[in-house]
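The following note sets out points for discussion on the structure shown here. Comments on any of the numbered points would be welcome.

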Amino acid sequence: MVEVHKVSGSPFDGNVYLILDEVPVLIDAGMDPEPTLRKIKKYIDPTKIEMIILTHSHHDHSGGVVRLKEATGAKVMIHEEEAGFLGDDMATVAYLFGRPAPEIEADGLLNEGDKIDLGEWRLEVMHTPGHSPGGICLYEPRAKVLFSGDTVFPQGNIGRTDLYAGCDADLISSIERLTKLDVEVLYPGHMEIVSGDVGRQIQASLRFARSVL
Ligand SMILES: [Zn+2]
Ligand SMILES: [Zn+2]
């Protein structure tokens, strides 16, 4: 039985998720790694974590990645269009948080359609640009679980498109793709985890995106 735990540290962090499957992984790194590590240790020895999959490069999702990689030995994975942003204060919007972007290189690149086999779960990589050019969502079709990064949030909310290289039209088409999925649990990059009428919430995100962008 796969378990997912939200292990993010500070309230300003993007959500960090620990997936406990045969291959334990983290989705995103947040920017405050010490409290995150303490939470991880409640569930697992951090050195057992094999991958840190970044939904995108923004600082609130990647700022803690150097420390988490050092503590876990995990491989850092990110979409190929986003990998070059790591370490860039503007592209990662680290400047908004008044911190420098940490210098790190990805260990592996992800692309649309890639499948990440965790044992029981197999995460499908969906390239969902708009909030950021190489943003991804991760979908598990059997468990009907979606990790949506900053593309959609609960209750019809959407990622902003006014940050570095954001794109309104891309965000709308990315959300259109998400409405076609069968989702029972949404693990967003911010806000709370939701289950149940997730499809309706993603439809609401699409209506909102079409009306404001
Ligand atoms: Zn974010
Ligand atoms: Zn973001």
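**Notes on aromatic pairs, cores and local features**

1. The structure holds four aromatic pairs. One of them is formed by Y17 and Y187, whose rings lie edge-to-face at 5.2 Å centre to centre, with 75° between the planes. This pair links distant parts of the chain, since Y17 belongs to strand β2 and Y187 to strand β13 (residues 185-188), 170 residues apart. The coordinates are those of a predicted model.

2. Y17 has a relative accessible area of 1% and is therefore buried. Y187, at 11% relative accessibility, also counts as buried, because the cut-off for that class is under 20%.

3. Y187 forms an aromatic pair with F147 as well; this pair is stacked, at 4.8 Å centre to centre and 15° between the planes. F147 lies in strand β10 and Y187 in strand β13, so the pair ties together parts of the chain that are 40 residues apart in sequence. Both F147 and Y187 are buried. Through ring pairs, Y17, F147 and Y187 are linked into a cluster.

4. Which residues have the most contacts inside the largest nonpolar core? They are I19, I53, L123 and F147, in a core of 21 residues. Two or more residues of this core come from each of β2 (17-20), β3 (25-27), β4 (51-53), β8 (122-127), β9 (136-140) and β10 (145-149). A second, separate core has 19 residues, including V7, L20, L68 and I104. In soluble globular proteins, nonpolar side chains tend to be buried together.

5. Leaving aside neighbours within four places in sequence, L123 is in contact with I19, I27, I53, L138 and F147, among others. The contacts of L123 also include D114, K115, I116, L118, Y139 and E140.

6. Is D60 buried or exposed? D60 has a relative accessible area of 8% and is therefore buried. This residue is found in helix α2 (residues 59-62). The C-alpha atoms of D60 and G14 are separated by 5.1 Å, although the two residues are 46 residues apart along the chain. Not counting residues up to four places away in sequence, D60 touches F12, D13, G14, G30, M31, F97, D150 and H190.

7. M90, Y95, L96, F97 and Y164 make a nonpolar surface patch of about 480 Å². Within this patch, Y95 is placed in the loop between β5 (75-79) and β6 (108-110). Y95 counts as partly exposed, because its relative accessibility is 42%. F97, another member of the patch, is also among the residues touched by D60.

8. Most residues other than glycine have a negative phi. Q155, which is not a glycine, has a positive phi of about 55°. Its place is in the loop between β11 (152-153) and β12 (157-158), and at 47% relative accessibility Q155 counts as partly exposed. A165 likewise has a positive phi, near 60°, and is a residue other than glycine. A165 is found in the loop between β12 and α4 (168-179). With a relative accessible area of 46%, A165 is partly exposed.

How values were computed. Residues are numbered from 1 along each chain as its sequence is written. Chains are lettered from A and ligands numbered from 1 in the order in which they are written. This is a predicted model: local features need pLDDT of at least 70, side-chain atom pairs count only at pLDDT 80 or more; totals for chains, interfaces and linings use all residues. Side-chain values use heavy atoms; hydrogens and water are left out. Patches are made of residues with over 30% relative accessible area and no salt bridge: like charges are joined within 9 Å, nonpolar side chains (Val, Leu, Ile, Met, Phe, Trp, Tyr) within 5 Å. Accessible areas come from the Shrake-Rupley method with a 1.4 Å probe; for residues, only the protein chains shown count as cover. A salt bridge is a side-chain nitrogen of Lys or Arg within 4 Å of a carboxyl oxygen of Asp or Glu. Helices (H or I, at least four residues) and strands (E, at least two) are DSSP runs, numbered from the N terminus. Buried means under 20% relative accessible area, exposed over 50%, partly exposed in between (1.4 Å probe, protein chains only). A nonpolar core is a set of buried Ala, Val, Leu, Ile, Met, Phe, Trp, Tyr and Cys residues joined through side-chain atoms within 4.5 Å. Contact means heavy atoms within 4.5 Å. Rings of Phe, Tyr and Trp (its six-membered ring) pair if their centres lie within 6.5 Å; planes under 30 degrees apart count as stacked, over 60 as edge-to-face and the rest as tilted.
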